[in-house]
Structure formats: C-alpha cells, structure tokens
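The entries follow the order in which I looked things up.

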Amino acid sequence: MERIMVDTSAIYALLDRSDNMHQQAVSILKELSTKGVAVVITNFIVAECHALLVSRLSPEIARAWLKGLCWPVERVNEEDENRAREIIFTYSDKSFSFTDATTFAVMERLGISSAFAFDRHFIQFGFNLYGVES
C-alpha cells in the first residue's frame with residue numbers, strides 16, 4: 001500500500017476554511033482516500049500542528065483536532081533526530097525547521113517519497129508534493 005506523509009501545511013489548510021489552499025487540500029484528501037493511499041504523520045507534526053492551531057485558530061479547534069486525530073503517528077526516534085541535525089547542517093543554504101528535517105528523516109527511513117504538503121521545503125530536499133504542481 002502506498003503511503004504519504006502529511007505535513008502541517010496541509011493539515012492547517014484542511015482546517016482553516018479561509019486558507020487559500022483549503023479547497024485544494026480538501027480535494028487532495030478526497031483523492032488520497034479514494035485511491036486508498038495510507039497517510040502518516042509524525043509526533044513532531046502533531047505538536048507543531050497543535051501549536052499552530054492554538055495560535056492561529058483557537059485552543060478549542062486545536063483540542064478538537066487532537067481529539068479526532070485518527071491518522072497513524074510515526075514517532076521520531078533518536079536516529080531520526082541525528083539525521084535531522086545532519087540535514088540542517090548539510091543544507092545550510094536552506095531554512096528547514098527541525099520539524100521539517102525530522103520529517104524528511106522519517107520519510108527516508110520509511111521509504112516514503114511523497115508528501116501531502118504545501119511547503120516547498122519538501123521539493124528542495126528532493127521529495128514530491130502530492131497533487132501540487134512543481
């Protein structure tokens with residue numbers, strides 16, 4: 001079964017109806033579901049999403065999202081964190097966050113080549129963005 005990493009940028013676009021990527025995010029999620037693509041997120045993405053939702057939407061929306069979270073969560077491990085540091089130090093010309101870099105490390109470990117994201121950092125690192133023109 002094909003798997004895809006879901007990034008904070010996609011989750012936020014799904015939840016914020018005023019986000020300019022909202023409709024595209026909804027369409028992509030429906031397509032992934034129809035095709036039976038398995039989605040995965042990391043525990044770091046869960047933390048980043050919760051913080052973003054609290055600050056930009058509301059604590060209530062953040063709690064509701066966390067309570068309803070049904071996607072598999074892949075835990076970032078120590079090796080992933082070490083790889084993330086290596087990524088950040090190697091790609092010093094990029095502005096990858098630590099969450100970005102740990103996500104890339106987990107994607108490498110799991111053999112996932114595509115992300116449901118609107119963050120161009122995935123392309124900069126060599127991954128595909130599902131449903132988004134390059």
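The entries below concern a predicted model.

**Entry: α1 and α3.** I first looked up the pairing of helix α1, residues 8-15, with helix α3, residues 43-56. Their axes lie 10 Å apart and the packing angle is about 40°. I therefore noted α1 as oblique to α3. The crossing of these two helices is right-handed. On the α1 side I listed Thr-8, Ile-11, Tyr-12 and Leu-15 as making the contact. On the α3 side I listed Ile-45, Glu-48, Cys-49, Leu-52, Leu-53 and Arg-56. Sorted by class, this contact of α1 with α3 holds seven nonpolar residues, one polar and two charged.

**Entry: α3 and α4.** I next examined α3 against α4, whose axes come within 7 Å and cross at roughly 150°. Because angles over 145 degrees count as roughly antiparallel, I recorded α3 and α4 as roughly antiparallel to each other. I found a right-handed crossing for α3 and α4. From α3, the residues Val-46, Cys-49, His-50, Leu-53 and Val-54 meet Pro-59, Ala-62, Arg-63, Trp-65 and Leu-66 of α4. By class I noted eight nonpolar residues, one polar and one charged in the contact of α3 with α4.

**Entry: Trp-71.** Where is Trp-71 found? I located Trp-71 in the loop between α4 (59-68) and β3 (73-74). Leaving aside residues up to four places away in sequence, Trp-71 touches Val-6, Ile-11, Leu-14, Leu-29, Val-39 and Ile-41. For Val-6 I also noted the separation from Trp-71: 65 residues in sequence, and 9.4 Å in space from C-alpha to C-alpha.

Terms used: Residues are numbered from 1 along each chain as its sequence is written. This is a predicted model: local features need pLDDT of at least 70, side-chain atom pairs count only at pLDDT 80 or more; totals for chains, interfaces and linings use all residues. Side-chain values use heavy atoms; hydrogens and water are left out. Axes are lines fitted to C-alpha atoms, for helices over the stretch in contact, and angles run from 0 to 180 degrees between N-to-C directions. Helices (H or I, at least four residues) and strands (E, at least two) are DSSP runs, numbered from the N terminus. Angles under 35 degrees count as roughly parallel, over 145 as roughly antiparallel, 65 to 115 as roughly perpendicular and the rest as oblique. A crossing is left-handed if the near helix is turned anticlockwise from the far one by less than a right angle, and right-handed if clockwise. Contact means heavy atoms within 4.5 Å. Ala, Val, Leu, Ile, Met, Phe, Trp, Tyr, Cys and Pro count as nonpolar, Asp, Glu, Lys and Arg as charged, and the others, Gly among them, as polar.
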